[in-house]
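Trainee: I would like to understand how the words used for a structure follow from their definitions. Could we go through some of them together?

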Amino acid sequence: MTEVQVTSSQERRDAGRLSGSGRFPPVAMPSLDYTDAVARQTAHLYERVKDVIPAIEWPVMAPYVKAINDLKQVRNAVILAHNYQTPEIYHCVADIVGDSLQLAQQAAKADADIIVQCGVHFMAETSKLLNPDKLVLIPDQRAGCSLASSITGADVRLLRERYPGVPVVTYVNTSADVKAESDICCTSSNAVQVVESFGKDTVLLIPDEYLAKYVATKTDVRILAWKGHCEVHERFTAEELLAYKEANPGLEIIAHPECPPEVIEVADFTGSTSGMIKWVKDRKPAKALLVTECSMASNIAAETPGIDFIRPCNLCPHMKRITLPKILDSLVELKDEVTVDPLVADRARAAVERMVNLKS
Ligand code: 13P
Ligand code: SF4
């Protein structure tokens, strides 16, 4: 039983926060008081994050967590959250969490009416491509990505002219425009498999130069790269990691393939965000340093209390645009709606679907 009520039109006018299109009935903004009932009904969720969220912060978060979880039912909405989302989102309101590939796969299976994407814009666009008839929302349309903004569809057309016949693989961290010009997409967890799927000796893997260099170390296929970088991962240096290793005997270093090659060289393991999480959960090292966005260590720490996470903290400013208040606004007001230009949608969808349907 949920406490969020569908309102009359007069009540809607009174509430002053009317929700969008005719397809979905408007709802009023729920109360955000921290009552005894809210404390009781969210206690099991606080239990999940108590090691990473101070008790003093919970009374501010709990009313949002309760309202969002209630509204998901009223709206028949599903929340997809990337591994970089903050613990109160990742552990307390998300229905599905994962890396880019897992989120794309789950988006393809979603049977809700509304998808709320807690991640960055290219992830929401991918969900929209795979769910053209669903309402896809992102709590802040401005959540971009330095890789996605490093290349345009026109750039890919020029690359095709320059390298005729060479297959174009684009990382999912790109706009629909770029995907539409590509043969297939890939993520950090399947890039080697995708590159090898053509059976050709040369492939363009764009736009992440460091992912391309990493993949080149794992395959005999000749990889042509673009000079895009992730603004979070490019900041890590091998020097700082070696200093952490020296100061922390037994430290295991786990890196994302968006890191520069010299960083990957000093890592004990390299993988996608979910690959990194799995590695830590399986191996349970006494001390671990995740060479990636900060929130991921908090999300794993909440589930694996025995591990000491050493944190050289690099935040993704785009991921951090997504907050509980914005998720609630998104569900109440049905914003920000994610749309894809119909002129590019079919071709972009084909590139994503080829990846999702690739047999592992
Ligand atoms: P994953 O696909 O590994 O989750 O990476 C997405 C991303 O944006 C990393 O910066
Ligand atoms: Fe893009 Fe880097 Fe942020 Fe991932 S961490 S969304 S690649 S800017």
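Mentor: Let us begin with two helices: the crossing of helix 3 and helix 15 is left-handed. The model is predicted, so local features need pLDDT of at least 70, side-chain atom pairs count only at pLDDT 80 or more, and totals for chains, interfaces and linings use all residues. Residues are numbered from 1 along each chain as its sequence is written.

Trainee: What makes helix 3 roughly parallel to helix 15?

Mentor: The axes of helix 3 (residues 58–75) and helix 15 (residues 324–333) cross at roughly 25 degrees and come within 9 Å. Angles under 35 degrees count as roughly parallel, over 145 as roughly antiparallel, 65 to 115 as roughly perpendicular and the rest as oblique, and therefore helix 3 is called roughly parallel to helix 15.

Trainee: Which residues make the contact, taken as heavy atoms within 4.5 Å?

Mentor: Among them are Met-61, Tyr-64 and Ile-68 of helix 3, and Leu-324, Ile-327 and Leu-331 of helix 15. The residues of this contact divide into 12 nonpolar, no polar and 2 charged, where Ala, Val, Leu, Ile, Met, Phe, Trp, Tyr, Cys and Pro count as nonpolar, Asp, Glu, Lys and Arg as charged, and the others, Gly among them, as polar.

Trainee: Why is strand 7 described as largely enclosed by the rest of the structure?

Mentor: Buried means under 20% relative accessible area, exposed over 50%, and partly exposed in between (1.4 Å probe, protein chains only). In strand 7 (residues 202–206), 5 of the 5 residues are buried, so the strand is largely enclosed.

Trainee: How do you know that strand 7 and strand 8 pair?

Mentor: Two strands pair if DSSP finds at least two bridges between them, and strand 7 and strand 8 (residues 222–225) have 4 bridges, in the parallel sense.

Notes: Chains lettered and ligands numbered in written order. Heavy atoms only, no water. Axes fitted to C-alpha atoms, helices over the stretch in contact; angles between N-to-C directions. Left-handed = near helix turned anticlockwise from the far one by under 90°. Contact = heavy atoms within 4.5 Å.
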